[in-house]
Amino acid sequence: REGKIPGILYGHGKKATSLLLVENEWKKIIQHGNVHIVELKSEKGSPVNALVKDIQFDYLNGKTLHIDFLEVKMDEVITTSIDVIGHGTPIGITQGGVLEQLVHKLEIKCLPKDIPEKIEVEISGIELDKAIYVKELKLPEGVTAVPSPDSIVFHVIRLRIEEEVKPEAAEGEVVEGAEGAAPAEPEIVGAKGKKLEEGEVEEGAATPGKEKAPAKDAAGKDKE
């Protein structure tokens with residue numbers, strides 16, 4: 001419908017409920033940044049606190065197409081994911097390295113009211129072959145990271161340049177195409193494709209410097 005955004009509400013053993021949200025109201029909410037917990041109001045029921053689980057966008061015009069919500073209780077710990085944003089240029093890049101971010105969304109556990117908008121990380125101090133781990137992230141009070149503390153979030157690694165390795169020749173052998181290798185000698189092949197050894201003359205061929213003997217008939221006389 002015009003001016004409405006379709007959605008669905010899940011949670012707490014209840015049957016999923018289809019929703020229609022007012023588009024202008026939703027725009028006011030998301031213009032402040034990442035949204036995690038919202039209060040859904042309807043004309044027929046009481047307000048419901050819900051976690052925004054998934055948003056589908058039209059990437060051509062940026063409009064919201066559909067939203068999935070999960071009903072939550074404000075006094076119960078929930079699991080959700082938040083964006084991890086790095087700030088700065090690692091010193092390891094000036095040392096010839098490349099920055100890689102392995103965790104873009106961090107899974108966390110906390111009360112709904114404690115969900116941070118995002119996790120910001122200062123990465124300018126990362127040297128070559130060094131990393132920032134989950135255990136080094138500064139999380140707000142009451143927020144716990146789900147991944148292993150030793151999971152890498154950011155690291156600076158060396159560039160790997162693969163070189164073509166040419167086969168090594170055995171002692172006394174010369175690799176074909178190698179510098180200093182003698183050119184291969186051409187093979188001499190007879191009319192029927194038979195390979196001729198050095199000094200061998202093809203059957204029926206004239207020997208250099210000699211004339212071909214005249215053919216004789218059955219009586220032993222020379223043919224004219």
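Residues are numbered from 1 along each chain as its sequence is written, and side-chain values use heavy atoms, without hydrogens and water. In this predicted model local features need pLDDT of at least 70 and side-chain atom pairs pLDDT 80 or more, while totals for chains, interfaces and linings use all residues.

Q: What volume does the largest pocket have?
A: On a 1 Å grid over the protein atoms alone, a pocket is an open set of points where a 1.4 Å probe fits, with protein on both sides within 12 Å along at least five of seven lines. Points are joined across faces, edges and corners, and the volume is the space filled by probe spheres set on them. Here the largest pocket has about 580 Å³.

Q: Which residues lie nearest the centre of the largest pocket?
A: Lining residues have an atom within 4 Å of a point. Of the 19 here, Leu 20, Leu 21, Leu 40, Lys 41 and Ser 42 lie nearest the centre.

Q: Which element gives the most to the lining of the largest pocket?
A: Strands are DSSP runs of E, at least two residues, numbered from the N terminus. S2 gives the most, with five residues.

Q: How many residues line the second largest pocket?
A: There are 16, with Val 35, Val 52, Lys 53, Ile 55 and Lys 105 nearest the centre. The volume of this second largest pocket is about 440 Å³. S4 gives the most to its lining, with six residues.

How values were computed: Helices (H or I, at least four residues) and strands (E, at least two) are DSSP runs, numbered from the N terminus.
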